[in-house]
Amino acid sequence: MSKRSTIGCGSILRLASRLYKYPWIYSKLASLQLEKTFFNQLGPKGGEGEANKIRQVSIRITDLCNLRCIMCGQWGEHGFLHGKNLKELKKCEVPVERYQALLHDLAEHGHRPILYLWGGEPTMYEGWLDLLETAKELKMPTSIATNGTRLAQYADRIVDSSMYLCQISVDGHNEELHNSIRRASGINSFQSINDGIDALHAARARAKSPLPLIASLTTVSRDNAAHLVDIYEAFKDKVDLCVFYPAWWITEERADLHTKDFERRFGFEPELHRGWIGGWTPQDYKALAEQFTELRERSKGFNNPPVIFIPNLDGEEDIEKYYTDHSERFGYDECISIFQVVEIDSNGDISPCRDYHDYVVGNIKEQTITEIWNSDRFRQFRKSISQDGLMPVCSRCCGLMGY
């Protein structure tokens, strides 16, 4: 049986008490994980690429970002958005009123999915809080991935929206390291995230609410690989859980293989995957493995925030394979996110792939999500992945290992 990305049982138990007052949230999260775990028994049958209920709507709501992080596939060293006109990108965004109408349409068709906002920097999209509030009215749980630089000013509305998870990028244990990775002109991003976290805690206290859960998201990079335990110690009293990503990146070789495979399947050449080409590998795999072990040890007990690794690499051998053998998938051999998740790009395009979204199945400015969900073009993609197997870049993809 293929592996599925999941939060460990211990972590679930430690966080469940924060959600028990919100059955409409907990039930959706439980249903999602249940279907992920037993997908081959509960999922679609027949091999025709048709999907069942939409479990999550993931919106890359804007391309705009106030940081230029070194490892980002969008605005980083090789990012696919380099050279794009910011005014044109903004002009192509979907109006919030359209998103709100689409959520109502989903509910009318029996879909009440989790809503996940990311970017770019999602808090730079006008109307993002209005969208969260509409989702709350429709009993659709919400979460966000943000660089945290603009949270303090919105803390009360975030808490009022009943967002269940606020994920904040944290890449250093101090100002010098974090700001050198998450670069910006005129912004002290380290101070901003600390101010944002403090504001969220204060807003939760005022509202007497346990939500949102606050998660730190740390991408392991060449600059912070020696400081993961330091990051945990610096933020363990500020956040509810800590997530560590070994980083999604691909090699030139895998990118070339993907181009050929994709063109063979779908008849045109992809481009966006090349934004994720990288080449960094740790200098000391043993030292990195020891840090992973130490993080697991320090997170034990109910008084410490759980640590989650995505993917869940265990030991020096796994870690070395992850960075040096990009054909290795560690048992993640079946993509189910394409049967459960709608991925919406900032211009309204829907693609089955979050990270490698050259294949477009429709646009929400012209159709509803429910009209696109089981369209011929969407089913064609699902059939290809299910019958012909994963593509070369899939071995380092959030949709496969992180979703």
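Two strands pair if DSSP finds at least two bridges between them. Helices (H or I, at least four residues) and strands (E, at least two residues) are DSSP runs, numbered from the N terminus. With those terms in hand, welcome to a predicted model, in which local features need pLDDT of at least 70, side-chain atom pairs count only at pLDDT 80 or more, and totals for chains, interfaces and linings use all residues. Residues are numbered from 1 along each chain as its sequence is written, and side-chain values use heavy atoms, with hydrogens and water left out.

**The sheet**

- An open sheet is formed by 10 strands, in the order E9-E8-E7-E5-E4-E3-E1-E10-E11-E12, with mixed pairing.
- At its edges are E9 and strand E12 (362–363), each of which pairs on one side only.

**Strand E10 and its neighbours**

- Strand E1 (residues 56–62) and E10 run parallel and are joined by four bridges.
- Along this pair, Gln56 stands opposite Val341, and Val57 stands opposite Val342.
- E10 also pairs with strand E11 (residues 349–351), this time in the antiparallel sense, over two bridges.
- In that pairing, Ile344 has Ile350 of E11 as its bridge partner.
- E10 and E11 make a hairpin with four residues between them, and Gly348 in the turn has a positive phi of about 100°.
- Strand E10 (residues 341–344) is covered on both faces: Val341 and Glu343 are buried on one side, Val342 and Ile344 on the other. Here buried means under 20% relative accessible area, with exposed over 50% and partly exposed in between (1.4 Å probe, protein chains only).

**Helix H10**

- In helix H10 (residues 228–235), the buried residues are Leu228, Val229, Ile231, Tyr232 and Phe235.
- These residues lie on the same side of H10 because they cover an arc of only 160° around the axis; the arc is that of the directions from the helix axis to the C-beta atoms.
- What do the buried residues of H10 pack against? Their partners are helix H9 (189–207), strand E7 (213–219), strand E8 (241–245), helix H12 (285–298) and strand E9 (307–309), where contact means heavy atoms within 4.5 Å.

**Cavities**

- The structure holds three cavities of 30 Å³ or more. A cavity is a set of points, on a 1 Å grid over the protein atoms alone, where a 1.4 Å probe fits but cannot get out, and lining residues have an atom within 4 Å of a point. Grid points are joined across faces, edges and corners, and a volume is the space filled by probe spheres set on the points.
- The largest cavity holds about 120 Å³ of space. Among the 14 residues that line this cavity, Cys335, Ile338, Cys353, Cys394 and Cys397 are the closest to its centre.
- Helix H15 (376–388) and helix H16 (398–402) are the elements that give two or more residues to the lining of the largest cavity.
- By class, the lining of the largest cavity has 10 nonpolar, two polar and two charged residues. Ala, Val, Leu, Ile, Met, Phe, Trp, Tyr, Cys and Pro count as nonpolar, Asp, Glu, Lys and Arg as charged, and the others, Gly among them, as polar.
- The second largest cavity has a volume of about 70 Å³, and its lining includes Ser58, Arg60, Trp118, Glu343 and Ile344.
- At least two residues of the lining of the second largest cavity come from each of E1, E10 and E11.
- The lining of the second largest cavity divides into three nonpolar, three polar and five charged residues.

- Leu211 and Pro212 are joined by a cis peptide bond, with omega of about 5°; Pro212 lies in the loop between H9 and E7.
- A cis peptide bond also runs from Ile310 to Pro311, with omega near -5°; Pro311 is in the loop between E9 and helix H13 (316–324).
- Ala247 has a positive phi near 95° although this residue is not a glycine. Ala247 sits in the loop between E8 and helix H11 (252–266) and counts as buried at 9% relative accessibility.
- Phe330, also not a glycine, has a positive phi of about 55°. Phe330 is in the loop between H13 and E10 and is buried, with a relative accessible area of 10%.

**Tyr154**

- Where is Tyr154 placed? Tyr154 is in the loop between strand E4 (142–146) and helix H7 (155–160).
- Not counting residues up to four places away in sequence, Tyr154 touches Thr123, Trp128 and Leu129.
- Tyr154 and Ala199 are 45 residues apart in sequence, and 8.6 Å apart in space, C-alpha to C-alpha.

Methods: 1 Å grid on protein atoms, 1.4 Å probe; cavity = no way out; pocket = protein on both sides within 12 Å on 5 of 7 lines; lining within 4 Å.
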